[in-house]
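Subject: Structure handover

Hi,

Here is the structure I promised to pass on.

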Amino acid sequence: MRGEYKVVGGKLVAVQLEVENDRLADVSVSGDFFLEPDDALEDIDAALDGMPVDASVEQLAHAIEGALDPSVRLIGFSPEAVGIAVRRALGKATGWDDHTFDVIPPVVLPPVMHVALDEVIAREVAAGTRNPTFRFWDWDSPLVVIGSFQSYKNEIDADGAAKYDIGVVRRISGGGAMFMEPGNCITYSLVVPTSLVEGLSFERSYSFLDEWVIAALAEVGVNAHFVPLNDIASDQGKIGGAAQKRFAAGAVLHHVTMSYDIDADKMLQVLRIGREKMSDKGTKSANKRVDPMRSQTGLAREEILSSFQRSFMARYASHLSTYTPAELSEAERLVQEKFGTTEWTHRVP
């Protein structure tokens, strides 16, 4: 059996192994990493030989760490990376090439419907009734989407929201508020089986799931990089942030919002905490716009969305898809019974 894992920002780790009596056997680790001293590779192989086939990434990494002298240097990889490659060899963890993705281009819907669709599609991916799914949001009305654990009162200025007729909905993932007027953001959701992030910490899973978008941003002229835990930044500052939710049934929801062209003056009248966040960016004048994607690319939002879609589909096995009537119906039900209710929106007062 063979498994591979490419460390985000690092090197490729490959593992070949056999299984005898539910134990790993004849384990051979290789890759384009660096290791000092060379003979430590034999210690890594020996540490894995005899481990049970159901050992977790953490257990495999612990076995490797226990077998290595403290002076050994692993460069471009880690014991956890080896553990992930082992789990992939055993079919317990998966890689991008093991999946075919449904790609759903932008469909204009009320923003609360997109929040509900995150839950609907995550359930389907976990149940195996829909492929892993990459989809863009597009919306027809202004809304603030707050994180699952944010306080409504702390985040929202009720007078400002009423002045501009901006609603508020709470999503199922954590993270910060999203100020969303039509055309001012680029937002996408990626729903994958938990097996794709097997063994990855939350921090590593963020960069792992968005490694593709760093290349996609370069294609539209933005030199971007990750800022732990969940931000994407360019040479000129932050351009977007990510949020996640992991479902016990076996799926991970990962979504990203990037600022295209936001009316910062309006946003600061609607979001309370936004004032504190913006204060360290020197954004104090009225009518200031936050427009990193528009100003840095010189492209229309629709052009960026199309470029991102092409980049994703060129990188991973995928095909175009759309929402089914059943999915839209279920999302509408969730809006009525959950996401559109005062009880849900104000659950953290």
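Below are my notes on its charges, salt bridges and backbone geometry.

First, the ground rules: this is a predicted model, where local features need pLDDT of at least 70, side-chain atom pairs count only at pLDDT 80 or more, and totals for chains, interfaces and linings use all residues. Residues are numbered from 1 along each chain as its sequence is written, and side-chain values use heavy atoms, with hydrogens and water left out.

**Salt bridges**

Opposite charges on side chains can pair when their charged atoms come close. I called it a salt bridge when a side-chain nitrogen of Lys or Arg is within 4 Å of a carboxyl oxygen of Asp or Glu. That rule gives 16 salt bridges.

(Helices are DSSP runs of H or I with at least four residues, strands are runs of E with at least two, and both are numbered from the N terminus.) Glutamate 119 is buried at 7% relative accessible area, while arginine 123 is partly exposed at 39%. For those labels, buried means under 20% relative accessible area, exposed means over 50%, and partly exposed is in between, with a 1.4 Å probe and protein chains only. The areas themselves come from the Shrake-Rupley method, and for residues only the protein chains shown count as cover.

Arginine 123 also forms a salt bridge with glutamate 330, at 3.2 Å from N to O. Glutamate 330 is in helix α13 (residues 325–339) and arginine 123 in helix α4, so this pair ties together parts that are 207 residues apart in sequence. Glutamate 330 is partly exposed, at 22%. The network of salt bridges here links Glu119, Arg123, Glu330, Arg333, Glu337 and Lys338.

Another pair to look at is arginine 301 with aspartate 138, whose closest N and O atoms are 3.4 Å apart. Arginine 301 lies in helix α12 (residues 301–315) and aspartate 138 in strand β7 (residues 133–139), so here the parts tied together are 163 residues apart in sequence. Arginine 301 and aspartate 138 are both buried.

**A negative patch**

Glu36, Asp38, Asp39, Glu42, Asp43 and Asp69 gather in a patch of negative charge on the surface. Patch members need over 30% relative accessible area and no salt bridge, and like charges are joined within 9 Å. Asp and Glu count as negative, with the charge placed at CG of Asp or CD of Glu. One of the members, glutamate 42, is in helix α1 (residues 40–48) and is exposed at 58%.

Most residues other than glycine have a negative phi, and most peptide bonds are trans. Glutamate 36 and proline 37 are joined by a cis peptide bond, with omega about -5°; proline 37 is in the loop between β4 (34–36) and α1. The bond from proline 228 to leucine 229 is cis too, with omega near 5°.

Aspartate 22 is not a glycine but has a positive phi of about 60°. This residue is in the loop between β2 (12–20) and β3 (23–31) and is exposed at 57%. Aspartate 165 has a positive phi of about 55°, and is found in the loop between α6 (158–163) and β9 (167–170).

Cheers

Methods. Patch = residues over 30% accessible without salt bridge, like charges linked within 9 Å, V, L, I, M, F, W, Y side chains within 5 Å. Areas by Shrake-Rupley, 256 points an atom, 1.4 Å probe, with all protein chains shown as cover.
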